Amino acid sequence: MPTDLDDIFASVARQADAIPLGTAAQARTRGRQRTRNGILATAAAVAVVLAGVGVAVGGGTERRADHKTVAPSPSVSTLVGPATMVGSPIPFGVKTQDQSPVIAGGRVFTAWRAGQNSVSVLAADLHSGAVDWKVTGLNGFDSELVGWGVRATEQGVMVSVDSTIHVMNPAGADTGDWVLTAGDLDEVVPFEKALVRRWDINGQVDAHDWRTGRKLWSVDPGATSGPDKVLRVVGDPAGGRVVLVTQTGKLQVRDAGTGTLVRTITPASPAQAGSNFIPYGEWLYEIGAGCCDGEAYRVVTSNLVTGASSVILQEGAGHSPAGLTACGPGRVCVLDQGDNALTTVTAVDVAQGKKIWSVPGPSMGTSISARGTQVLVSTGQMAVLFDERGEQALRILESQVSWLDDGRLLALPTLGSGEVATIAVPGYQATRHGRIPVDNDMCVASGDRLACNSPRDLQIYDISG
Amino acid sequence: MPMNTNGDFDDFYRDTSRRLARYAYGLTGDPGDAQDLVQEAYARAWQRWRRLADYEDREAWLRLVVNRLSADRWRRLGVRRARAAAEPPPPHTPPPSEDTVLLIRAMRTLPMAHRRALALHYLLDRSVAEIAHETGSSIGTVKSWLSRGRAGLAAALGSDAPALTTNGADDAH
């Protein structure tokens with residue numbers, strides 16, 4: 001055994017050099033496919049607030065020679081310097097490995113590593129910027145702290161310390177706070193009526209009371225293991241239904257409060273645990289890999305009330321799915337990536353299974369989202385807003401853009417600190433809120449507030465007006 | 001976007017990805033995590049490639065991404081579950097040597113700042129001055145991190161561990 005530290009690290013380096021890596025092309029594809037409801041499925045499922053992480057705005061538009069629509073320039077209503085801070089920065093007390101905060105129920109929550117095996121978490125009022133509560137000394141069961149983080153809903157705050165998840169009352173100190181442990185392959189999915197956890201080892205599903213941790217209902221492995229083991233938990237967090245995706249591709253629709261099996265659906269194409277599922281009202285939309293050679297992907301709709309299911313879109317070789325969103329009642333919009341990073345945005349009528357419109361999207365488009373029939377496609381560096389007819393209504397350059405609410409877009413800088421703006425939809429009136437001095441990736445937004453973690457403190461900004 | 005953008009990115013990936021994998025492995029001690037962190041960091045780089053092209057040290061930016069992602073427990077939950085559900089298992093990695101197991105285990109007991117400094121210094125051959133520049137810290141602070149990191153390794157490895165000596169490279173830079 002070598003006795004020199006350099007020799008031991010050289011051994012570690014050799015081990016690292018043997019790790020199989022993907023190719024650059026795979027990284028590029030992943031970059032294009034990286035959507036907020038794709039690879040970060042669990043995080044997106046847990047964070048029910050708008051994931052307004054990202055960047056600042058350069059603001060501006062351009063004409064597109066290959067499209068009839070001329071995108072209007074957002075007009076600037078106000079000009080300001082630094083963004084207006086709400087209250088004062090809330091210090092962590094240490095320089096920490098930063099993660100972005102989360103927002104739920106009018107509060108912002110953030111967690112940080114405060115010691116070798118200790119995590120602290122605080123809640124602050126978004127309106128006033130005042131600290132509501134702070135808890136220190138959260139420890140996991142493991143002696144070595146590797147990972148931590150916080151997610152929140154109006155029902156509970158979930159602070160992860162390695163494999164231990166502390167479930168806390170968002171309102172503050174509560175003797176009913178409880179913990180659960182979850183492995184990396186397990187799922188922990190919040191619903192309004194219960195916190196649902198799936199054990200990967202056997203497919204067991206447990207639903208816990210938010211406040212006490214008491215088990216409300218359970219689907220035990222005896223009923224679900226074997227050929228029809230539960231592989232995935234999906235559903236609308238705010239809705240009353242939990243949908244379990246089974247190994248045979250069926251959908252079990254259960255009442256979130258009682259666990260009662262309401263219906264078992266056999267989709268028109270078997271559901272796949274690795275797919276992207278979008279709940280919308282009584283519908284569940286799924287976009288995932290195709291059934292066989294020559295079918296790159298397909299979009300399946302299932303009605304959770306009637307059990308009706310159909311395949312409404314199939315694409316062949318040369319295509320890949322970049323995103324799916326509900327874009328109005330009875331309508332879904334799909335972002336398709338072809339070869340050479342070219343994208344297409346397609347709106348499909350769910351009832352008829354027919355394309356309503358299909359138009360070119362921005363090159364390297366990576367995410368799609370909608371409010372009503374207004375569809376936003378973003379590349380991470382710019383974004384295009386399509387109206388209900390598929391015509392470009394707006395292009396925003398040098399910005400990472402997301403929906404702030406039903407009537408506003410939030411534009412943040414694409415890299416590093418920079419300027420924040422909101423844009424009214426429709427009307428396309430832009431309001432500049434000033435510059436934020438912190439890295440945009442550490443920010444979340446909700447309503448009239450933008451909350452950002454710097455390495456040393458939490459900062460809340462006013463983006464009203 | 002210029003026609004050679006893909007080529008530029010591919011060249012950058014080819015030239016730097018192995019170093020990033022070393023760094024990610026040093027931080028996490030898990031080959032699967034390191035593999036995914038590398039892909040995710042480059043995926044994010046590709047999304048911002050036009051802006052990153054102007055950066056003086058794009059590798060440092062990648063390491064910053066790895067720093068953040070490696071600590072996000074909720075992300076790891078999602079990534080591992082998604083990987084298990086959607087993809088075949090990653091290719092087999094040769095089992096680590098006894099030295100590697102001991103050291104990686106010991107590294108995970110250290111504060112992140114110490115772990116990061118050790119990984120930069122011993123796995124990427126970065127000088128104390130370079131680490132100070134990248135972390136925005138003073139040379140004295142970096143020397144302290146390295147010194148305390150080595151002491152931490154020695155303590156964690158315990159009496160069964162090899163005696164830890166260095167070649168004095170810290171002072172040479």
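## Worked exercises on a two-chain model

Chain B splits into domain 1 (1-94) and domain 2 (95-173), with bounds from an automatic or database domain assignment. Residues are numbered from 1 along each chain as its sequence is written, and chains are lettered from A in the order in which they are written. This is a predicted model, so to speak of local features takes a pLDDT of at least 70 and side-chain atom pairs count only at pLDDT 80 or more, while totals for chains, interfaces and linings use all residues.

**Exercise 1.** Work out which helix gives the most to the side of domain 1 of chain B that touches domain 2 of chain B.

*Solution.* 
- Start with the contact, where two residues count if their C-beta atoms, placed from the backbone, lie within 7 Å. Domain 1 of chain B puts in nine residues and domain 2 of chain B puts in 10.
- Next, look for elements (DSSP runs: helices are H or I, at least four residues; strands are E, at least two; numbered from the N terminus). On the domain 1 side, α1 (5-28) and α4 (58-71) of chain B each supply at least two residues.
- The answer is α1(B), with five residues.

**Exercise 2.** Find where pLDDT stays under 50 in chain A.

*Solution.* 
- pLDDT is the predictor's confidence in each residue, from 0 to 100. Chain A averages 83, and 85% of its residues score at least 70.
- The stretch to spot is residues 35-79 of chain A.
- Where pLDDT is low, the predicted coordinates should not be read in detail.

**Exercise 3.** Name the residues that touch the most other members of the largest nonpolar core.

*Solution.* 
- A core is a set of buried Ala, Val, Leu, Ile, Met, Phe, Trp, Tyr and Cys residues joined through C-beta atoms within 7 Å. Buried means 20 or more other C-beta atoms within 10 Å of the residue's own, with C-beta atoms placed from the backbone.
- The core has 112 residues, and the ones to name are A:Val159, A:Val299 and A:Ala451.
- Strand β5 (residues 118-125) of chain A gives the largest share, five residues.
- Beyond four places in sequence, A:Val299 contacts residues including A:Tyr285, A:Leu313 and A:Val348.

Conventions:
A residue is buried if 20 or more other C-beta atoms lie within 10 Å of its own, exposed if 12 or fewer, and partly exposed in between; C-beta atoms are placed from the backbone.
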